[in-house]
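Try each task on your own before you read the solution.

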Amino acid sequence: MEEILITGVGSQMQGVGRQKNGMAVFVPGALPGERVQVEIKRRAERYCEGELVRILAPSEARRSSPCPYYPTCGGCNARHMSYAYSLSMKRDRVRDALVRLGGIESPNVLPVLECENPERYRNKAEYAITIKNGHPIVGARGTDKSVLALSDCLLQRENSVAALRLISDLLPCVSNAQDLRGLVTRENRKGELMLILTGISPTLCSAEVLSKRLFSALPALKSFYYCRLKPRPTHALDGECRLISGSRTLQETIMGLEFSVSPQSFFQVNPEQAERLYALAISGLDLPENHSEARVFDAYCGTGTISLAMASHAHVTGVEIVPSAIHDANANARRNGLAHRARFVLGDAAREIPRLISSGEHFDAAIVDPPRKGCDRALIDSVIACSLPRLAYISCDPATLARDIRLLSQGGYRLVWAQPVDMFPWTAHVECVVLLSKVQK
């Protein structure tokens with residue numbers, strides 16, 4: 001047992017202090033400024049991990065969690081602090097990354113755009129299913145990797161929670177429940193629900209009977225699927241999805257545009273905050289309204305949500321490496337009458353953007369929204385080579401964002417501002433829109 005003064009915060013919102021020998025200690029659940037008693041659980045070469053035993057001097061930002069499953073569930077990192085304090089920690093994380101990893105002195109990091117409704121904001125849930133003491137349970141895979149039975153989740157909307165409870169009641173009636181692995185729910189802004197059960201067996205036993213009971217008890221349910229998972233699935237729906245009953249898709253809107261969402265479609269889980277994030281990125285490029293000559297490329301465009309939102313401002317070329325996403329992007333463009341303003345190219349953005357530029361195409365600005373690993377170096381080199389006046393970079397990881405900004409700064413770009421957006425309240429995740437402009441020589 002050791003007494004530690006918490007002086008900082010880690011990437012997962014855990015408190016950070018130091019032992020008497022100077023070794024860093026990461027303590028989940030501790031807040032900066034607190035003096036705590038810690039039991040060391042794991043030692044590494046340069047740091048150790050401790051378990052919070054007692055808070056000797058609590059922070060004013062500390063609060064009691066309203067969630068009975070916190071922190072065992074593991075889905076949230078910040079329910080032991082006030083929402084405002086969690087936002088300040090996210091802003092500090094972005095600023096720290098830009099300074100330490102990006103080499104930016106005094107970066108202009110704006111206050112985090114808070115979520116107006118930080119509870120029940122998610123439109124997608126992924127619950128785990130397992131057999132425990134001979135009975136199937138539905139819940140969250142907790143911090144110890146076992147499945148914790150849930151009857152509620154404050155991140156999820158009411159219809160998702162209703163589906164969770166109903167499936168928990170009905171699973172004992174499913175003869176191959178031992179083959180089930182998960183429940184995924186999706187809900188659109190109208191409150192309409194899609195439900196997907198996942199498992200390892202070729203079919204879902206009692207599917208028709210189960211479907212009738214689900215549709216009878218859940219008025220919001222519009223679509224029911226079974227997904228047979230691959231032998232080693234890499235995500236919750238990594239397999240073949242088969243429609244059991246109802247509609248194949250849900251219709252969702254963002255930025256005034258309509259999109260079809262299927263079980264495996266990517267769509268932002270917090271559409272209200274996504275709209276604010278997209279609007280920031282588009283307005284930052286400062287493109288004239290309905291200027292037919294402006295041309296923009298959107299790297300890592302996914303199903304085209306940002307591209308189509310930007311299509312009223314410019315002609316947009318979206319590039320994405322996932323074939324199904326490009327198929328959906330083209331369908332979304334046709335659905336919204338924007339096929340003449342947005343085109344979508346299948347390929348690796350790091351290769352396709354240089355190819356388009358070398359073939360003589362001209363772009364006035366760009367938006368990049370890469371995965372967590374950040375941009376490929378070849379794409380960054382292409383942006384630098386074509387001297388785009390403005391670049392909006394959307395990031396879900398401050399560390400890789402800062403790394404890429406360092407490279408872009410070396411290539412003649414300067415950071416104008418960084419705007420964190422709280423897309424995932426109560427978690428350690430922070431999205432950020434960064435505007436960069438080309439330095440004029």
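**Exercise 1. Describe how helix 1 and helix 9 pack: what are the angle and the distance between their axes?**

Step 1. Find helix 1 at residues 83–100 and helix 9 at residues 398–410. Helices here are DSSP runs of H or I with at least four residues, strands are runs of E with at least two, and both are numbered from the N terminus.

Step 2. Take the two values: the angle is about 35°, and the axes are 8 Å apart. Axes are lines fitted to C-alpha atoms, for helices over the stretch in contact, and angles run from 0 to 180 degrees between N-to-C directions.

Step 3. A crossing is right-handed if the near helix is turned clockwise from the far one by less than a right angle, and left-handed if anticlockwise.

Step 4. List the partners. Helix 1 brings Arg93, Val94, Ala97, Leu98 and Arg100, which meet Pro398, Ala399, Ala402, Ile405 and Arg406 of helix 9. Contact means heavy atoms within 4.5 Å.

Step 5. Sort them by class: this contact has 7 nonpolar, no polar and 3 charged residues. Ala, Val, Leu, Ile, Met, Phe, Trp, Tyr, Cys and Pro count as nonpolar, Asp, Glu, Lys and Arg as charged, and the others, Gly among them, as polar.

A word on the model: it is predicted, so local features need pLDDT of at least 70 and side-chain atom pairs count only at pLDDT 80 or more, while totals for chains, interfaces and linings use all residues. Residues are numbered from 1 along each chain as its sequence is written, and side-chain values use heavy atoms, with hydrogens and water left out.

**Exercise 2. Now do the analysis for helix 8 and helix 9: which residues make the contact?**

Step 1. Helix 8 covers residues 377–385, and its axis comes within 10 Å of that of helix 9, crossing at roughly 35°.

Step 2. The crossing of helix 8 and helix 9 is right-handed.

Step 3. Helix 8 supplies Arg377, Ile380, Val383 and Ile384, and helix 9 supplies Asp404, Leu407 and Leu408.

Step 4. By class, the contact of helix 8 with helix 9 holds 5 nonpolar, no polar and 2 charged residues.

**Exercise 3. Step back to the whole chain: why does it count as being as compact as a globular protein of its length?**

Step 1. Start with the secondary structure, which is 9 helices and 21 strands.

Step 2. The radius of gyration is 24 Å, close to the 22 Å that the globule rule gives for 441 residues, so the chain is as compact as a globular protein of that length. The radius is taken over C-alpha atoms, and the rule is 2.2 Å times the number of residues to the power 0.38.

Step 3. Look at the extent: the C-alpha trace spans about 70 × 60 × 35 Å along its principal axes.

Step 4. Check burial: 53% of the 441 residues count as buried. Buried means under 20% relative accessible area, exposed over 50%, and partly exposed in between (1.4 Å probe, protein chains only).

**Exercise 4. Is Phe224 buried or exposed, and what does this residue touch?**

Step 1. Phe224 sits in strand 11, residues 221–229.

Step 2. Phe224 counts as buried because its relative accessibility is 0%.

Step 3. Leaving aside neighbours within four places in sequence, its contacts include Leu195, Leu197, Leu204, Phe215 and Ile244.

**Exercise 5. Inspect the backbone: what is the phi of Arg120, and what is the omega of the peptide bond from Tyr70 to Pro71?**

Step 1. Recall the background: most residues other than glycine have a negative phi, and most peptide bonds are trans.

Step 2. Arg120 has a positive phi of about 55°. Arg120 lies in the loop between helix 1 and strand 6 (124–132), and counts as partly exposed because its relative accessibility is 23%.

Step 3. Tyr300 also has a positive phi, near 60°. Tyr300 is in the loop between strand 15 (295–299) and helix 5 (305–310), and at 15% relative accessibility counts as buried.

Step 4. The Tyr70 to Pro71 bond is cis, with omega near 5°. Pro71 belongs to the loop between strand 5 (47–57) and helix 1.
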